[in-house]
Amino acid sequence: MAEDQRNRRHPQNLQGVLRLAVEAGSAADGPALPEPMSEERKEWLKGALAEVAKGQNSEVEQMKECMRVMLRDGGCERGREGEEDEEDEEGETERALEFLSELCENLDNARDLMTLGGLDLCMSQCLNHPQGSVRWRGAQLIASCAQNMPEVQCHLLSKGALSKLLQLTDSDPHPTVRVKALYAVSCLVREQEVGLRAFLSHDGFSVLMRGMQSDNEKLRTKSSFLLLNLLTVHPEHKDTVLSMGMVQQLVSVLRTPHSSFHEHVLGALCCLVEESPLGLRDCQSPTLGLEEMLNQRAEDLQGREECQEELEFCQRLRSVCFCGRKPDDSGMDR
């Protein structure tokens, strides 16, 4: 009980202060009588609001300190100290980035970091850092801030973040950097028209295709999932994707050893053939051998509960492309 009273007397944020004020105003039995707030209650409410403001200001100060760490790491003094000191400094930068990512799960903090110039600093210093462990944490911070925040997304897009993130996704030598960069790309283009246009202008679909062909399992999974999402939400871009030979590329991916991400690949193929004569023609090409592959895949997946969605995509694709065709149908245009 004492603990409960203590929690009620000391709310931790503005919502808590307001809730407590409402509870106090409605706690009396019977109709409330208008009376002035006591000096004691005025002082308590003033102190409570000051504590909330102090907490919010404290987070801004913490973000500023993290930015100072990032500046030191990229400043002209870097490299003058011994190798051991340089390693310590890079470790400090990594910790600062992780702390910022956690803080910026709060949308207000993400906006504050943008206003303070922290995202610009992250793009200039961290995404170009020689250490992969700093680059991927920088990409993670951008993703944390951009997620569900159109204001932050537009700011990052205006600063050219998408181009850099696609470059990291496509060619960074560090596997985790590629995965985190693609996550940030996803946060900038999903349900964001400006981001999608920039994605198209930077040949983003080709980056996804190469990601699916890489030997990085996480990158393959995230690339195929983003492709499926974009084709599902934006079917108007099917022709662009089909003109790249995407059907042939996706089928070649399906011929690699079976993996869970094949579910997304089959889903993307389903998107490409539905209400698209060009996509249907590509899938029906006898040189592709897709019908035989789908028959074999459906047989292999039968009875495997963890593969039910993949099996459904497989059966759906087979139904759209090949059901009702004559046995001697060559797959040529009729």
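**View 1. Leaving out neighbours within four places in sequence, Q147 is in contact with L107, Y183 and C187.** Contact here means heavy atoms within 4.5 Å. This is a predicted model, where local features need pLDDT of at least 70 and side-chain atom pairs count only at pLDDT 80 or more, while totals for chains, interfaces and linings use all residues. Residues are numbered from 1 along each chain as its sequence is written, and side-chain values use heavy atoms, with hydrogens and water left out. Q147 sits in the loop between α7 and α8; helices are DSSP runs (H or I, at least four residues), numbered from the N terminus, and strands are E runs of at least two. Q147 and L107 are 40 residues apart along the chain, yet 8.8 Å separates their C-alpha atoms. With 30% relative accessibility, Q147 is classed as partly exposed, the middle class between buried (under 20% relative accessible area) and exposed (over 50%), using a 1.4 Å probe and protein chains only.

View 2. E275 belongs to the loop between α16 (262–273) and α17 (277–284).

**View 3. Helix α9 (residues 161–171) packs against helix α12 (residues 204–212).** The angle is about 25° and the axes are 9 Å apart, so α9 runs roughly parallel to α12. Axes are lines fitted to C-alpha atoms, for helices over the stretch in contact, with angles from 0 to 180 degrees between N-to-C directions. Under 35 degrees is roughly parallel, over 145 roughly antiparallel, 65 to 115 roughly perpendicular, and the rest oblique. The crossing of α9 and α12 is left-handed, i.e. the near helix is turned anticlockwise from the far one by less than a right angle (clockwise would be right-handed). From α9 come L166, T169 and D170; they meet G204, V207 and R210 of α12. These contact residues split into two nonpolar, two polar and two charged. Nonpolar covers Ala, Val, Leu, Ile, Met, Phe, Trp, Tyr, Cys and Pro, charged covers Asp, Glu, Lys and Arg, and the others, Gly among them, are polar. As for α12, eight of its nine residues are buried, so the rest of the structure largely encloses it. Among those buried in α12 are F205, L208 and M209.

**View 4. On helix α10 (residues 175–189), α9 packs at an angle of about 145°.** Here the axes are 8 Å apart, and the crossing is left-handed. Contributors from α9 include L162, L165 and L168, and from α10 they include A181, L182 and V185. The tally for the α9–α10 contact is twelve nonpolar, two polar and two charged residues.

**View 5. The whole chain has 19 helices and zero strands.** Buried residues account for 45% of its 334 residues. Mean pLDDT (the predictor's confidence in each residue, from 0 to 100) is 84, with 75% of residues at 70 or more. Residues 1–10 stay under 50 and have four contacts beyond four places in sequence; residues 25–33 also stay under 50, with zero such contacts.
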